[in-house]
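Student: I have a model open and want to go through it with you. Can we take it in short steps?

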Amino acid sequence: MLIIYGLGNPDFKYAKTKHNIGQLIVEKLSAGGDEVWKKQTKFKSFKLHSERNQVNLILTSDYMNTSGNGLQAYWQYFKHSGEDMLLILQDDSDQIEGTWKLVKGGGSGGHKGIGDVYKVAPGIDLKSENIMRLKIGIRPVMNKQKSQTFVLSPTSQVDDETINTLTERLKEGLHDFELPERFDKLQTLINSK
């Protein structure tokens with residue numbers, strides 16, 4: 001099974017900010033298209049059943065810096081196994097807006113939400129090799145200041161175009177994410193400009 005986890009902050013005032021770009025993509029994925037997603041009443045999650053496999057979409061129920069808590073509660077409630085694949089959609093303040101990178105594993109890079117997920121992963125039997133991350137650039141082109149100056153800013157037109165592009169690419173590769181041998185193919189699909 002594939003679980004796609006969109007990181008962000010739950011309060012309405014953060015809804016359309018750069019920091020919530022992962023959640024915005026999950027919301028767009030669940031909103032329609034050819035796939036029919038069933039909203040689950042427990043947690044902020046959506047489930048897709050298809051003939052090939054199952055995919056679950058979840059949103060952070062806690063704040064960004066405690067993203068591990070929400071994942072742990074979700075993982076245990078739905079009894080996911082260590083064999084399930086997790087794709088985290090996260091903002092990356094080091095990358096320029098309009099850029100992104102699909103990676104497997106790696107360090108948190110100072111991202112507190114990712115650090116918190118890594119902290120709970122061993123306790124829920126989530127294997128590090130089963131964690132993929134889509135790091136989405138949110139830094140305005142000319143901004144050389146600290147990330148605090150822009151992460152809670154409203155999404156830009158470039159961010160909105162990124163959300164649309166990545167939603168379409170994720171839909172295209174959705175059923176390949178569970179298969180580790182197809183990761184290189186997915187990287188090519190997702191990372192291509």
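Student: Which residues does His-111 touch, not counting residues up to four places away in sequence?

Tutor: Keep in mind that this is a predicted model. His-111 sits in the loop between E6 and H3. Leaving out residues up to four places away in sequence, the residues that His-111 touches are Leu-7, Met-64, Gln-90 and Asp-91.

Student: Is His-111 buried or exposed?

Tutor: Buried means under 20% relative accessible area. His-111 has a relative accessible area of 13%, so His-111 is buried.

Student: Which residue has its backbone nitrogen 3.2 Å from a polar atom of the side chain of His-111?

Tutor: A polar contact needs N or O atoms within 3.5 Å. The 3.2 Å distance runs from the side chain of His-111 to the backbone nitrogen of Gly-113.

Student: What distance separates the C-alpha atoms of His-111 and Ser-93?

Tutor: Along the chain, His-111 and Ser-93 are 18 residues apart.

Student: Now Asn-9. Is Asn-9 buried or exposed?

Tutor: Asn-9 belongs to the loop between strand E1 (2-6) and helix H1 (21-30). The cut-off for buried is under 20% relative accessible area. Asn-9 has 7%, so Asn-9 is buried.

Student: Let's turn to the core. Why would nonpolar side chains be buried together?

Tutor: In soluble globular proteins, such side chains tend to be buried together. Here the largest nonpolar core has 31 residues. Those with the most contacts inside this core include Leu-2, Ile-4, Leu-87 and Phe-177.

Student: Which element gives the most to this core?

Tutor: Elements that give two or more residues include E1, strand E5 (85-96), strand E7 (131-139) and helix H4 (157-173). The one that gives the most, with 5 residues, is H1.

Student: How many residues are in the second, separate core?

Tutor: Trp-75, Leu-86, Val-117 and Ala-121 are included in this second core. Its count of residues is 16.

Student: Are H1 and H4 parallel or oblique to each other?

Tutor: The axes of H1 and H4 come within 9 Å and cross at roughly 50°. Angles under 35 degrees count as roughly parallel, and 65 to 115 as roughly perpendicular. H1 and H4 are therefore oblique.

Student: Is the crossing of H1 and H4 left-handed or right-handed?

Tutor: Residues of H1 that meet H4 include Ile-21, Leu-24 and Ile-25. On the H4 side, Ile-163, Leu-166 and Leu-170 are among the partners. The crossing of H1 and H4 is right-handed.

Student: Is Lys-79 buried or exposed?

Tutor: Lys-79 lies in the loop between helix H2 (67-77) and E5. Its phi is positive, about 55°, although Lys-79 is not a glycine. Over 50% relative accessible area counts as exposed. Lys-79 is at 72%, so Lys-79 is exposed.

Student: What phi does Asp-125 have?

Tutor: Asp-125 is placed in the loop between helix H3 (112-120) and E7. At 49% relative accessibility, Asp-125 counts as partly exposed. Asp-125 is not a glycine, yet its phi is positive, at about 60°.

Note on methods: Residues numbered from 1 in each chain as written. Predicted model: local features only at pLDDT ≥ 70, side-chain atom pairs only at ≥ 80, totals over all residues. Heavy atoms only, no water. Helix = DSSP H or I, 4+ residues; strand = E, 2+ residues; numbered from the N terminus. Buried < 20%, exposed > 50% of the residue type's maximum accessible area, 1.4 Å probe, protein only. Core = buried A, V, L, I, M, F, W, Y, C linked by side-chain atoms within 4.5 Å. Axes fitted to C-alpha atoms, helices over the stretch in contact; angles between N-to-C directions. Parallel < 35°, antiparallel > 145°, perpendicular 65-115°, else oblique. Left-handed = near helix turned anticlockwise from the far one by under 90°. Contact = heavy atoms within 4.5 Å. Polar contact = N/O pair within 3.5 Å; in protein donor to acceptor, adjacent residues only side chain to side chain.
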